[in-house]
Amino acid sequence: MGSSFGQPAISGRDRVGQPKSKEKPFSISKHLVWEAYQRVKANKGAPGVDGCSIEDFETDLRNNLYRIWNRMSSGSYFPPPVKAVEIPKSHGGVRVLGVPTVSDRIAQTVVAMELEKRVEPIFHPDSYGYRPGRSALDAVGTCRTRCWKNDWVLDLDIQKLDLLLFSWAVWQRRAQAAAGEHGHGDERFGCVESVGTFGQCS
């Protein structure tokens, strides 16, 4: 790979082709941006609100990738609006999906790749959604194994995650207050904090 997003270096801004820059407040590798672009390209996907497809983005690839890297590493990146697309449900109604622009998908992938390295090791083993090397089939396999050990099943479908988190936070505060009033300390209600942590449901 060349010094500038996998393409031969020419001049000007290409001289800022080192993986990290000491002049930027956020150290983001250009190689990471290039890898994120490769992943987005492999996933294909529709254009966002700007109507720019992968093919359109690639007509000025070097400058487009440089713009993403420069804004993210300088802390001035601001995501554009997300295009709302309605997908009909089989039982009626629609599900609204958000389609980011190509450039924003690349920026999101950069962030996801960095976060993944830090949070993946601490995820609960029963967490399967949106994790590398895991799929719904893996979850089904685990369920199949446990069906021979237990004769009960919990089926949950979270529709309003923000409302759920708010309700949980209120319940948690009340439980902690009750623990303090009755002198039970953290020992009795210690499960509240552990269960309330993302990815800790089994």
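Let's start with E35, which is partly exposed, with a relative accessible area of 28%. One thing to keep in mind throughout: this is a predicted model. So who does E35 team up with? Which side chain meets E35 in a salt bridge? That's R39, with N to O at 3.4 Å.

Next pair, still on α1. K41 makes a salt bridge with E58, and the closest N and O atoms are 3.1 Å apart. This one links distant parts of the chain: K41 belongs to helix α1, E58 to helix α2, and they're 17 residues apart. K41 is partly exposed at 38%, and E58 is partly exposed at 26%.

Then there's E120 with R131, whose side chains meet in a salt bridge at 2.6 Å, N to O. Both lie in the loop between α4 and α5, so the pair ties together parts that are 11 residues apart in sequence. Is R131 buried or exposed? At 9% relative accessibility, R131 counts as buried, while E120 is partly exposed at 21%. In total, the structure holds 5 salt bridges.

Okay, zooming out. The chain has 7 helices and 2 strands, and along the sequence the pattern reads α-α-α-β-β-α-α-α-α. There are 202 residues, 24% of them buried.

Now the inside. The largest nonpolar core has 21 residues, and V33, Y37, F57, L65, I106 and V110 touch the most other members. Helices α1, α2, α3 and α4 each give two or more residues to this core. Take F57: leaving out residues up to four places away in sequence, its contacts include Y37, L65, I68 and I106.

The strands are another story. Of the 6 residues in β1, 0 are buried, so that strand lies largely in the open. β1 pairs with β2 in the antiparallel sense over 6 bridges, and I87 has R95 as its bridge partner in β2. The hairpin has 5 residues between the strands, and G92 there takes a positive phi near 105 degrees.

Last stop, the surface. V111, L115, V119, I122 and F123 make a nonpolar patch of about 420 Å². I122 is in the loop between α4 and α5, and at 62% relative accessibility it counts as exposed.

That's my tour, thanks.

Terms used:
Residues are numbered from 1 along each chain as its sequence is written. This is a predicted model: local features need pLDDT of at least 70, side-chain atom pairs count only at pLDDT 80 or more; totals for chains, interfaces and linings use all residues. Side-chain values use heavy atoms; hydrogens and water are left out. A nonpolar core is a set of buried Ala, Val, Leu, Ile, Met, Phe, Trp, Tyr and Cys residues joined through side-chain atoms within 4.5 Å. Buried means under 20% relative accessible area, exposed over 50%, partly exposed in between (1.4 Å probe, protein chains only). Helices (H or I, at least four residues) and strands (E, at least two) are DSSP runs, numbered from the N terminus. Contact means heavy atoms within 4.5 Å. Two strands pair if DSSP finds at least two bridges between them. Patches are made of residues with over 30% relative accessible area and no salt bridge: like charges are joined within 9 Å, nonpolar side chains (Val, Leu, Ile, Met, Phe, Trp, Tyr) within 5 Å. Accessible areas come from the Shrake-Rupley method with a 1.4 Å probe; for residues, only the protein chains shown count as cover. A salt bridge is a side-chain nitrogen of Lys or Arg within 4 Å of a carboxyl oxygen of Asp or Glu.
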